[in-house]
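Good morning. I will keep this short, and I will go through the aromatic rings and then one piece of the surface. Please have a look at the structure before I start.

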Amino acid sequence: MASGYGLNGGPSRCFPFWQELLACYVVNTTTDDIKGAKVCLPALEDYYECLHHRKEKTRAIELQRAYRRAEAAHPRENAPRPGAIRNLGLLNKEEDTKEVLGTDRSIGARNGK
């Protein structure tokens, strides 16, 4: 375990989980018998999750996979194509900007050029 101090001097983010785990071990084990430590497995699992975030990362990956599968199964009807993305006149294509906006609102027209 680390020192127990966080970045700003207070307790670290996992220190409460460590205290819970330590209390469980103190209550459920003795110097002669450590079989009571099995009772503390949920507390140990919570502490490790706080330290390493393995379950959280796994869940995020699963959610991303499910989202991508759903997106592939039902593609958007009006999704923009790469060639149809508006350039807003940033790449010296004022004609395209005029077509998109429908008026003479290109960058040069607004700046008096």
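What follows is a walk through a few side chains. Keep in mind that this is a predicted model.

Let me begin with the rings. How many aromatic pairs does the structure hold? There are 2 of them. In general, a pair of aromatic rings is described by the distance of the centres and the angle of the planes.

Take Trp18 and Tyr47. Their ring centres are 5.3 Å apart and their planes stand at 50°. Planes under 30 degrees apart would count as stacked and planes over 60 as edge-to-face, so this pair is called tilted. Where do the two residues sit in the chain? Trp18 belongs to helix H1, residues 15-28, and Tyr47 to helix H2, residues 41-52.

Tyr47 has 7%, and the limit for buried is under 20%, so Tyr47 counts as buried.

Tyr47 also pairs with Tyr48. Here the centres are 6.2 Å apart and the planes are at 35°, so this pair is tilted too. Tyr48 is partly exposed, with a relative accessible area of 44%. Trp18, Tyr47 and Tyr48 together make one aromatic cluster.

Now the surface. Leu22, Val26 and Val27 form a nonpolar patch there, and together they have about 310 Å² of accessible area. Val27 lies in helix H1. With 66% relative accessible area, Val27 is exposed.

That is my part; I will take questions now.

How values were computed. Residues numbered from 1 in each chain as written. Predicted model: local features only at pLDDT ≥ 70, side-chain atom pairs only at ≥ 80, totals over all residues. Heavy atoms only, no water. Phe/Tyr/Trp six-rings, centres within 6.5 Å; stacked < 30°, edge-to-face > 60°. Helix = DSSP H or I, 4+ residues; strand = E, 2+ residues; numbered from the N terminus. Buried < 20%, exposed > 50% of the residue type's maximum accessible area, 1.4 Å probe, protein only. Patch = residues over 30% accessible without salt bridge, like charges linked within 9 Å, V, L, I, M, F, W, Y side chains within 5 Å. Areas by Shrake-Rupley, 256 points an atom, 1.4 Å probe, with all protein chains shown as cover. Salt bridge = Lys/Arg side-chain N within 4 Å of Asp/Glu carboxyl O.
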